[in-house]
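Thank you all for coming; I would like to walk you slowly through some strands and their neighbours. Please have a look at the model first.

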Amino acid sequence: MCIRDRMKLLVAFIIKMLVRLVESIAKTLARRHIFIESFATPNPMCLKFVPGKTVFNSTRSKEYNNITEANESLLAKRLFFVEGVNRILLGPDFISITKSENADWNTLKPEVLAALTEFFATQNPPPTNPSIDEVKEQEEGSVEDETASVIEDLISVRVAPSLQEDGGDIEFRGYDSARGIVYVTLKGACTSCALNSDTLKNGVERLIRHYVPEVKVVRSVEMSERVEV
């Protein structure tokens, strides 16, 4: 091999190493600029994490109960790799993590923070799921009953934001006008919280009945349950 060929190989090697060095420095700087806050929720099994970045490009949250469901989300899938993570709720600007019964937050929390920091330092743009907005548009287009529309707006505007502050969320599932029953699904920190019955009775139900007197009761159903109205 002649000297010129050796020089070409050497230059190529140096360029390759410089590229790796620059990428490593960029990732390190990105991590330094990411500050993720964690907050306790009314549910001791759940913590809320706020990365100061857009988490989910949708007006609605999305909950994942296992890694199979999380196949559509790189962030949720990455978090399920952390041992002890049982359920994940992705909101517009927050992540709620529900731990398994045997997991200890003292061990789990640092691992979740590390996973989130690594993800947001390397992922650009933020995770999205356009299908969620498409589903919402389809659902909104199918709501012909004016009362149901009012109830859905009340839940979205007056109820959901306060629950999201505590790492939870709520979704309108339907309104049975014949029996005066509103069906909703609680998510995130609200799912297994001991206060969820109080949230429904003293918060959601009282608010809705104030504006829509014909409503008699608000019932919580699982996301997997089919609601027929």
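How many of the residues of strand β5 (residues 95–99) are buried? Before I answer, note that this is a predicted model, in which local features need pLDDT of at least 70 and side-chain atom pairs count only at pLDDT 80 or more, while totals for chains, interfaces and linings use all residues. Residues are numbered from 1 along each chain as its sequence is written, and side-chain values use heavy atoms, with hydrogens and water left out.

The answer is five of five, so that β5 is mostly covered, where buried means under 20% relative accessible area with a 1.4 Å probe, protein chains only. On one side these are Ile-95, Ile-97 and Lys-99, and on the other Ser-96 and Thr-98. Strands here are DSSP runs of E with at least two residues, and helices runs of H or I with at least four, numbered from the N terminus; two strands pair if DSSP finds at least two bridges between them.

Strand β2 (residues 46–50) runs antiparallel to β5, with four bridges, and Phe-49 stands opposite Ile-95. Strand β4 (residues 85–90) is also antiparallel to β5, through five bridges, and a hairpin of four residues connects β4 to β5.

Turning to another part, an open sheet of three strands has the order β6-β7-β8 with mixed pairing. Because β6 (168–176) and β8 (217–220) stand at the edges with a single partner strand each, one side of each is left without a neighbour in the sheet. Between β6 and β7 (residues 181–188) there are eight bridges in the antiparallel sense, and Asp-169 stands opposite Lys-187 in β7.

Definitions and conventions
Buried < 20%, exposed > 50% of the residue type's maximum accessible area, 1.4 Å probe, protein only.
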